[in-house]
Amino acid sequence: MTPTVVLPVVIGGLYAAGIYLLLDRSLTRVLLGFLLLGNATNLLLLSTGGVAGLAPILGLGEPGELSDPLPQALILTAIVITFGVSAFLLAVIYRSWRLVRQEVVGVDEEDRRVAAGRRTDADDLDPDDLAPEDRPAGHGDHLGRDLSDAQVERLLDQRFAGIASDDVELPSTQGGPR
Amino acid sequence: MTFLLVLHLLAALGAPLLVRWWGRQAFLGLALVPAAACGWVLAQLGAVTGGDDVRETTSWVPVLGLDVALRLDALALTLAALVTGVGALVLVYCARYFAPDEEGTGRFAACLTAFAGSMLLLVLADDVFLLYVAWELTTVFSFLLIGGAGNRLAGRRAAGQALVLTTAGGLAMLVGLVLISDASGTHLLSELVADPGDGTAMVVGTLLVLVGAITKSAMVPFHFWLPAAMEAPTPVSAYLHAAAMVKAGIYLVARLAPGLSDVPGWRPVVLGLGLTTMLVGGYRALRQCDLKLLLAFGTVSQLGFLMVLVGSGSRELASAGLVMTVAHALFKSTLFLTVGVIDHATGVRDLRQLSGLGRRLPAVAVIGTLAAASMAGLPPLLGFIGKEAALTALWNGGLPDRTAALLVLAGLVAGSALTVAYSARFVWGAFARKPGLPAASPEVAHAPDSLFLAAPAVLAVLGLVAGPAGPLLDHLVAGYADTLPLIAPEAEHLALWHGVQPALGLSALSLLGGAALFAVRGRVFALQQRLSSRVSADESYWNVLQGLDRLAVLTTGTTQRGSLPAYLGTILVVVLALPGSVLVFRAPWPGEWRAWDSPVQALVGVVVLIAAGLAIRIRQRLSAVLVVGVTGYGLGVLFALQGAPDLALTQFLVETLTLVTFVLVLRKLPKDITERHRPRERVVRGLLAGSMGLLMAGVGAVALASRTATPVSVDYPAEAYEFGGGKNIVNVTLVDIRAWDTLGEISLLVVAATGVASLVFLRRRTGAVQRAGADHPGAGAEPAARAPRRRWLTASATLAPHRRSVVLEVVTRVLFHTIVVFSLYLLFSGHNGPGGGFAGGLVAGLALVLRYLAGGRYELAEAAPVDPGVLLGVGLLFAGGTGAVGLAVGAEVLQTAILPVLGDVKLVTSLFFDVGVYLIVVGLVLDVLRSLGAELDRADDEGDPIDLNPGEVVLR
């Protein structure tokens, strides 16, 4: 099947314009780029269906003369979905404008902070930094049910001063914060 | 067997409800389910010991060849009886363990029952992948049970640790299962064991499966999750971490041993790790002061023991292993339950604080001592029989390698001595009077009632009875053990008394050694303290996790620079480099070209290109939107020229709607778009965009020529009429041939519509539908809550005079009904002519747009006084319901039926699907109008500033 010159050129032009706009920081232009990309993709799908034919409706012609119905079905839903998604993007633009008087794709502060190496939220998993009752391994969860943790600790400290309990489990009996 | 599993599932689902009705007594009802399962399993005893396996196969995923293949043989029966029996008793125990109105009991009951079901599935599964599913189910429920309600950090961490370790092992196991079932050519365990494959894949696969087993059964070096899991309530410890879940690894090794124990690497791994675990666990148990932790390390130790026995691959050791598995489940859950009773009664589990409890709770003391004696291997309890059998077997050379057998024997005797010592430490710690402590410390606040003691008592007595009755177990155990080769000269039978023989001496030796260790416990404790190092597997685990975290931060920091254009640019460069080079070097470029299909096509193409070029240049918002609209309309014309009337219709409608939506929002935004890019950036963007344009143009050009197969759509015309009953092939494709796709797409529309509304209404999902009422101008003297019905388009009176348009109002009056009727026409005629649910819905949406533009926001509410969410939901129900109804009457999902109505008139069921699509599209348009139109109007009219309350967060 011989392709036409017109359709690839139009497809290429729409993609180029769409991508140029998509790379902008203004959300409105991003959305316009998204619409152009949608149009370009729909046209690309259509052009893969082959040469133009009659409308794919039985009775209008012999099955051989009809155009390919499959890309058309794909495009049809794509058109409506593009509408739904652009409405959503418009709502994003409006909300962004209403709340912060801006409609730009901002720089992700979180990413920047991580990239800068300031580990504010990198990890707090070092068990040594945690209070004994938060240590990972199983300490007695019902030990001294009627007493507060601090009371239990004091009690144990008095009774077993100087004796280490097992590695990680029971509250510290060595006195003082760990 | 399937019905037992379904029963568990139903019980788990109903458990929260039962707990709400009956409080903690609901556990007694739930216990009936595993009890019934236990009864059924035991009823099969005769058949199974007779050599007949009970099998059941239900088709599950036929495409993948997956079946729910269940099999009850001697091994499965033993484990199933344990799992269900102990499960029932633990549930009974729960009925007293929890306070009458403790929070979260319903959730706990559901998880525990579901766990019992998963565990039963695990031991019954004959298909390796079903086994894997059950394996991971037990992991998940264990996570939920350890973590509890998730309000305690230690619990969450212990749960997370257990989950990470066992899931990691589980994944390794999955890979291993795939490898060995592939190498053996079957994924049924029974066939796999009977006829295992060979080769490297088999060896690697087997080792990977073992990784799963050793993590699940808490072998060194992954043992530490089990003590940490003692965060869970005691019934969970007794059931999951003593009787059931940790036995999964033992079960798997026992299941595979008949076929795989001769695979290179099996014996070193299983015996080495098992023995190490037994010694490490016993050693660590000796220095625990928390009774539960003492038992936990004891469990680790015993699991090592079991692993050695069942993994050895000889008949005599395997039979000892199975007896020991039963014995361990009985005595260890008893001990945990006993600790639970003590904890419940006194609130203390620390053996340094308990004193003289034996006198005050004699029943508990008897039960606990009985179980501990079984653990220590004292005659005449079941633990003794198991240990005797193991020692005898090894003495007689129960392993192919004589030296290994002696080494293992020495290790087992040492491990048994440790076991005796910590059993004694347990009994002494829990019940004895200790010097230096008050005789009755601490107070017994709640004496346990008989139901609370029932479960541990039954389990302890079973361990006692099963000892003398050991020979009766012989048949069952032999049913499994006979699948393994006998290495010793003759098979020993299970019995209490074998006469004076070496194993008895070894037993006595371990008892004496244990007693000695216990006698000098003070010095042992001090020595252990001195030897204890800061390095532990647990610390290493957290260090590894920390390292991972750091690595993640590093990776994120290097790759994520926080700029969307930069990310997009990276993606585009990759696209250019990879598919681009394929296109340049490998693509079948067409030999000849046509200029165009028709001159009109070329003309429209030029218009579209010019509009696209303008869209880049224009900085005025509205104009930019208009030129993009031009490309859309141009596309519509191209569709029409290509022979796609449905597309052209839809494209025109959508383009119009998009324009209206844009205008609704743009009125709130400044006129021009600010330029934020430096010229250099624009050049880079231009280069990227230009190259991508070239690439995609090339793709468009070669797409036709690179076709190698006949398109699927060749048969569509015939199928459309024959099965879909329609002449419009595109529409039939949408509602029938590819209806699943459409269902997904309309779901997406629902999500988008919901998203629009959620973004615009700052604080809530929906606004009430505001209709023109008495308190609004325009309603005049009418006291009714809504606009008078006699006049039409009355709400336009609510608009300020300068915003009204007489022409638009007149046109709306004339056209609105016509448009709505037309939209319905499109909906119904779409099956045979251009139209359909999408086009019809869009036309109806446009009618609403007209009403809104002419009459303002109150008129919109008058035109469609429904919540758009209702339209969306009903639409989805219609579309999905069509599929479900088809399924209910025995057809395929979303299959179309053609029903004769009257003469030539037929009803095609896919019409209902199309109605759903229609409703959803109308709902979408209405949601957009209501949010971006009416709500913005309201904010305008009422000046609605965003006053955030202190502490309120609005996401932006």
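Predicted model: local features only at pLDDT ≥ 70, side-chain atom pairs only at ≥ 80, totals over all residues.
Chain B is divided into domain 1, which covers residues 1–126, domain 2, which covers 599–673, and domain 3, which covers 737–942. Where domain 2 and domain 3 of chain B touch, the contact takes 13 residues from domain 2 and 14 residues from domain 3. On the domain 2 side of this contact, sorting the residues by class gives 8 nonpolar, 3 polar and 2 charged.

Turning to the two chains, 136 residues of chain B are in contact with 115 residues of chain A. Within the side of chain B that touches chain A, helix α29 of chain B, made of residues 679–705, gives the most, with 15 residues. By class, that side of chain B has 76 nonpolar, 36 polar and 24 charged residues.

Helix α3 of chain A (residues 69–100) packs with helix α36 of chain B (residues 910–942) at an angle of about 15°, and their axes lie 11 Å apart. Because angles under 35 degrees count as roughly parallel, α3(A) is described as roughly parallel to α36(B). The crossing of α3(A) and α36(B) is left-handed. From α3(A), the residues A:Val80, A:Gly84, A:Ala87, A:Leu90, A:Ala91 and A:Tyr94 meet B:Val921, B:Leu924, B:Val928, B:Ser931 and B:Leu932 of α36(B). Divided by class, the residues in this contact of α3(A) with α36(B) are 9 nonpolar and 2 polar, with no charged residue.

Terms used. Residues numbered from 1 in each chain as written. Chains lettered and ligands numbered in written order. Domains from an automatic or database assignment. Contact = placed C-beta atoms within 7 Å. Nonpolar A, V, L, I, M, F, W, Y, C, P; charged D, E, K, R; others polar. Axes fitted to C-alpha atoms, helices over the stretch in contact; angles between N-to-C directions. Helix = DSSP H or I, 4+ residues; strand = E, 2+ residues; numbered from the N terminus. Parallel < 35°, antiparallel > 145°, perpendicular 65-115°, else oblique. Left-handed = near helix turned anticlockwise from the far one by under 90°.
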